[in-house]
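Biologist: Please show me the model. I would like to ask what the terms used for it rest on.

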Amino acid sequence: FESIHKYISDWLAYLEELKEGTFVQHTTEGVLLDVEGKQLMAEALYLYGCMLLLLDLRVPGLARERMLISYYRYKGAATI
């Protein structure tokens, strides 16, 4: 679970850095105009989707429900 969260967090941080202009030579539009950049963005999102689907297939529904309820109780309704 932690690695999936870290993966999407890092990808979103990269997108935010692109948006802010942290990388001098690269922008979001520039990356998406480049053929390899466009492919990498699509593959990154596809890989995240595959991780979520595999998680859905491998973790039984009852366990997912219990994890969700325990997280909801731990964090509280106001923070979610």
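What follows is a set of questions and answers on this model.

Modeller: This is a predicted model, in which local features need pLDDT of at least 70, side-chain atom pairs count only at pLDDT 80 or more, and totals for chains, interfaces and linings use all residues. Residues are numbered from 1 along each chain as its sequence is written, and side-chain values use heavy atoms, with hydrogens and water left out.

Biologist: What makes Ser3 exposed?

Modeller: Exposed means over 50% relative accessible area, partly exposed lies in between, and buried is under 20% (1.4 Å probe, protein chains only). Ser3 has a relative accessible area of 54%, so Ser3 is called exposed. Ser3 is found in helix α1; helices are DSSP runs of H or I with at least four residues, numbered from the N terminus.

Biologist: Which residues form the largest nonpolar core?

Modeller: The six are Ile8, Trp11, Leu18, Val31, Met41 and Ala44. The name applies because a nonpolar core is a set of buried Ala, Val, Leu, Ile, Met, Phe, Trp, Tyr and Cys residues joined through side-chain atoms within 4.5 Å.

Biologist: Which residues is Leu18 in contact with, leaving aside its neighbours within four places in sequence?

Modeller: Contact means heavy atoms within 4.5 Å. Leu18 has such contacts with Phe23, His26, Thr27, Thr28, Val31 and Met41.

Biologist: How confident is the predictor in the protein chain?

Modeller: pLDDT is the predictor's confidence in each residue, from 0 to 100. The protein chain averages 90, and 99% of the residues score at least 70.

Terms used
Helix = DSSP H or I, 4+ residues; strand = E, 2+ residues; numbered from the N terminus.
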